[in-house]
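Visitor: Hi! Could you walk me through this protein in simple words?

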Amino acid sequence: MAREICSLSVELGRQIGVLIDRSGRVIHVIVGDNKSILIPQLSQVRSSTGRLKGLRCVHTHLKGEDLTQDDLMDLLFLRLDLMAIIKVRKDGLPENLYAAHLVPRPVDGQDWVFLPPVPPTRQDQDIRHLITALEDEFSRTSQTKKVDRNRDRALLVSVTTSTKKRAGESMDELAELVRSDDIVVLDTFIQRRDRINHKFILGKGKLGEIMLTALRLNANLLIFDQELNPSQVSSITDHTEIRVIDRTQLILDIFARRALSREGKLQIEMAQLKYLLPRLGRRDDALSRLTGGIGARGPGETKLEIDRRRINDRLSGLAKKLKKVSRERQQRRSRRRKKNLPVISLIGYTNAGKSTFLNTLTHSKILVEDKLFATLDPTSRRLRFPEDVEVIITDTVGFIRDLPPELLQAFKATLEELHEADILVHVIDVSNNRFPEQVRVVDQILRNLHLETLPCLRVLNKIDCIPPEYLLEQAALYQAIPVCALDSMTFDPFLQQARQLVLKKWN
Ligand SMILES: Nc1nc2c(ncn2[C@@H]2O[C@H](COP(=O)(O)OP(=O)(O)OP(=O)(O)O)[C@@H](O)[C@H]2O)c(=O)[nH]1
Ligand SMILES: [Mg+2]
């Protein structure tokens, strides 16, 4: 076969390449120009269950050049079993075959090794043995990081203009979010830049480094700390097949997993679709490149338009259902109002301890977890203060920095319920070293929701985890009441102040 390809290649003056699977079958033929070939997206090609793609690329080089940097990048980005070139002589006959493959550990500082040149006819058997051995070696080297195969395994990436300290803190929070979504974190990369490129989120060199780590640690997901635009996403997915998501999608995913109430589920589906809609454009691109635009289309209508219309239909359907559900909620709420009790709403950054506080205050058993966004559905309980003042106390969804606007919009109805509160109690996790930033974020969200005029009591929670001197200092600084939400013995100062505020507002 090599002979035919070489003579055709010379005749056309173009490189010709073939993708060969492990049983030796040619599954794709590529015709390039005189200097390069462009390997198509292979995401739909299922050819191996191993770490490598299960495909090798063999192509012609017409001017006697060695494997190029681009060839090696393709080898890496597409996780090819092998990248090989055949140098073709002027008379159209094959010279030798030159090949390179990836290695689990760098050899002499290189991430790939070159095989000695061989006549092209003599490759097949040896190469198959070589690839089997390579797969074995790759899986053996990552045994040290044994992880559950069913869980996603991610590399976290931050490309940022902010300071090292802030980038690190933000990365820590991203890791907590990732953990809350039941994903394993394998490694993190922080790339600081003077400016962010709006087309390419990462340079090819850095992307190469990340892909190599992904291959060696067996990661299947890249999660970016920054929201990515469609062009930045495709600047990665055009070259590699690894899944890419950003922080917003991660938060949406956590919410989708955790929503229990019908209203919550509707709200999240809406937020996810709204996030998806402007990002559809590029997807169709990739799709039509793969399918050649055949199938799944009505006359005169592109696949993209159909998807858009479906999503828009679904969105208006959701909006209707939501309206109905929130009417029902309002009826419930006005029934509660008739009981004429003051309402205290607990608010605060996610994981601050709001639900724990409510549980201990009212002897309830709302789900409490050391995960972000444990609570999505608002819950109310009655609470009797000393001397028989009775109130309703409600728990809400936690806040977070850079809350996706789609999500804020979707939860607007739930959050608007906060307007009914007589008093807000802002629960702060003083044991978290990022808490000052978290307080700022919560105050800002309250302003955005026009809730800043409500009386608000600040509570410093988790005081069991910090030294007393530090607590004194911070309580004075934030004019906040210390509590340990796990221990009702610490609640007296809070109960007294809350009671006073209620009586003042209520009489
Ligand atoms: N040590 C200590 N841990 C606490 C305290 N209060 C809450 N926690 C822990 O903090 C974690 C989060 O508590 P939650 O009550 O779920 O926090 P939340 O504010 O409701 O969080 P979201 O619902 O996710 O917004 C849990 O692991 C709690 O056990 C406290 O006073 N001391
Ligand atoms: Mg909660």
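**A chat about the structure**

Guide: Let's start with D246, which lies in strand 10 (residues 243–246). Helices (H or I, at least four residues) and strands (E, at least two) are DSSP runs, numbered from the N terminus. Keep in mind that this is a predicted model, where local features need pLDDT of at least 70, side-chain atom pairs count only at pLDDT 80 or more, and totals for chains, interfaces and linings use all residues. Residues are numbered from 1 along each chain as its sequence is written, chains are lettered from A and ligands numbered from 1 in the order in which they are written, and side-chain values use heavy atoms, with hydrogens and water left out.

Visitor: Is D246 buried or exposed?
Guide: D246 counts as buried, at 1% relative accessibility. Buried means under 20% relative accessible area, exposed over 50%, and partly exposed in between, using a 1.4 Å probe and protein chains only.

Visitor: What does D246 touch?
Guide: Not counting residues up to four places away in sequence, D246 touches F224, Q226, E227, L228 and Y275. Contact means heavy atoms within 4.5 Å.

Visitor: And how far apart are D246 and P104?
Guide: From C-alpha to C-alpha they are 28 Å apart in space, and in sequence 142 residues separate them.

Visitor: Are S355 and T375 buried or exposed?
Guide: S355 is buried at 8% relative accessibility, and T375 is buried with a relative accessible area of 10%.

Visitor: How many residues of helix 11 are buried?
Guide: 9 of the 9 residues are buried, so helix 11 is largely enclosed by the rest of the structure. Among what covers them are strand 11, strand 12, strand 13 (390–395), strand 14 and helix 16 (492–506). Helix 11 is followed by H363, which has a positive phi near 55°.

Visitor: In what sense do strand 15 and strand 16 pair, parallel or antiparallel?
Guide: Strand 15 (residues 456–461) pairs with strand 16 in the parallel sense, over 2 bridges. Opposite L460 stands P482 in strand 16.

Visitor: What about strand 1?
Guide: Strand 1 (residues 16–21) pairs with strand 2 (residues 26–31) in the antiparallel sense over 5 bridges. The two form a hairpin with 4 residues between them, and G24 in the turn has a positive phi of about 90°. Strand 1 also pairs with strand 3 (residues 55–61), antiparallel over 5 bridges.

Visitor: Who are the partners of G17?
Guide: The bridge partner of G17 is I30 in strand 2, and in strand 3 it is H59.

Visitor: Which residues sit on the two faces of strand 1?
Guide: I16, V18 and I20 are on one side, G17, L19 and D21 on the other, and all are buried. With 6 of the 6 residues buried, strand 1 is largely enclosed by the rest of the structure.

Visitor: Last one: how do helix 4 and helix 7 pack?
Guide: Helix 4 (residues 164–180) and helix 7 (residues 247–258) pack at an angle of about 35°, with their axes 9 Å apart. Axes are lines fitted to C-alpha atoms, for helices over the stretch in contact, and angles run from 0 to 180 degrees between N-to-C directions.

Visitor: Which residues meet there?
Guide: E173, L174, L177, V178 and S180 in helix 4 meet R247, L250, I251, I254 and R258 in helix 7.

Definitions and conventions. Pairing = 2+ DSSP bridges.
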